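Hi there,

Here is the structure I promised to pass on to you.

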Amino acid sequence: MVTVSRSIHIDAPVEDVFAYLDDPRNHAEVTPSLAEVRNVEALDNGGKRVEHTYKMAGVGLDGELVERTHEENKRMVFEMRGGLEGEIEIETVEDDGGTELRYSAEYELPGRVLSAVATPFVRRYNERELRTTLENTRTRIEAGE
């Protein structure tokens with residue numbers, strides 16, 4: 001099981017940060033290893049279901065994300081299915097005139113990825129990936145994109 005968690009301050013209102021992250025296509029812009037997002041479908045709970053391809057250690061992993069929890073301007077919880085199994089939680093919290101964006105993920109790695117790289121490398125890789133994703137998100141939102 002791999003677990004990563006990090007937060008970052010963004011100089012923008014919670015509503016703007018949440019709205020940006022509520023569009024799955026934006027995740028592909030800010031997440032370096034998210035190669036493709038496709039077939040976005042709105043769910044009755046306000047969330048989304050999306051198919052994706054994620055590249056980890058040179059291995060393409062196809063799967064889908066299903067947003068089980070959608071609390072407007074507060075929280076999104078996604079179930080990961082397919083090449084990666086687990087959960088992603090994104091929270092937006094008011095913070096000193098801006099937003100604290102909290103992101104955590106917990107998932108099982110498929111055997112073919114583990115056999116290709118050592119677990120400590122995968123953990124460092126995912127920590128770096130999350131840090132870059134959050135920094136990219138802050139840059140896009142603060143630039144008004």
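**What I found**

Going from the N terminus onward, the elements of the protein follow the order β-α-α-β-β-β-β-β-β-α-α. That makes four helices and seven strands. Please keep in mind that this is a predicted model.

**The sheet**

In what order do the seven strands lie in the sheet? The sheet is open, its order is β1-β7-β6-β5-β4-β3-β2, and the pairing is antiparallel. β1 (2-10) and β2 (34-42) are at the edges with a single partner strand each, so one side of each has no neighbour in the sheet. From one strand to the next, the twist averages 20°.

You can follow some of the pairs yourself. β6 (residues 85-95) and β7 (residues 98-108) run antiparallel and are joined by eleven bridges. To find this pair on your screen, look for D95, which stands opposite G98 in β7. Helix α1 (residues 14-21) packs on the sheet, where it touches β1, β4 (59-71), β5 (75-82), β6 and β7. The direction of α1 makes about 160° with that of β6.

Now move to β2 and β3 (residues 48-56), which are antiparallel and joined by six bridges. Here L34 stands opposite Y54 in β3, and E36 stands opposite T53 in β3. The hairpin of these two strands has five residues between them, and G46 in this hairpin takes a positive phi near 95°. On to the next pair: β3 is joined to β4 by eight bridges, again with the strands antiparallel. One place to look is K55, whose bridge partner in β4 is G60. β3 is also mostly covered, with seven of its nine residues buried.

Start with D22, which sits in the loop between α1 and α2 (24-30). Is D22 buried or exposed? Its relative accessibility is 16%, and buried means under 20%, so D22 counts as buried. Leaving aside residues up to four places away in sequence, D22 touches G46, K48, E67, H70 and M76.

Most residues other than glycine have a negative phi. N73, in the loop between β4 and β5, is not a glycine, yet its phi is positive, near 65°. N73 has a relative accessible area of 24%, so it is partly exposed. D96 is another residue other than glycine with a positive phi, in this case near 50°. You will find D96 in the loop between β6 and β7. With a relative accessible area of 76%, D96 is exposed.

**The whole protein**

How many residues does the protein have, and what percentage of them count as buried? There are 145 residues, and 44% of them count as buried. The protein exposes about 7,400 Å², and carbon and sulfur atoms supply 43% of that area. Among contacts between residues at least 6 apart in sequence, 49% join residues at least 24 apart.

Happy exploring, and write back with any questions!

Best wishes

Note on methods: Residues are numbered from 1 along each chain as its sequence is written. This is a predicted model: local features need pLDDT of at least 70, side-chain atom pairs count only at pLDDT 80 or more; totals for chains, interfaces and linings use all residues. Side-chain values use heavy atoms; hydrogens and water are left out. Two strands pair if DSSP finds at least two bridges between them. Axes are lines fitted to C-alpha atoms, for helices over the stretch in contact, and angles run from 0 to 180 degrees between N-to-C directions. Contact means heavy atoms within 4.5 Å. Buried means under 20% relative accessible area, exposed over 50%, partly exposed in between (1.4 Å probe, protein chains only). Accessible areas come from the Shrake-Rupley method with a 1.4 Å probe; for residues, only the protein chains shown count as cover.
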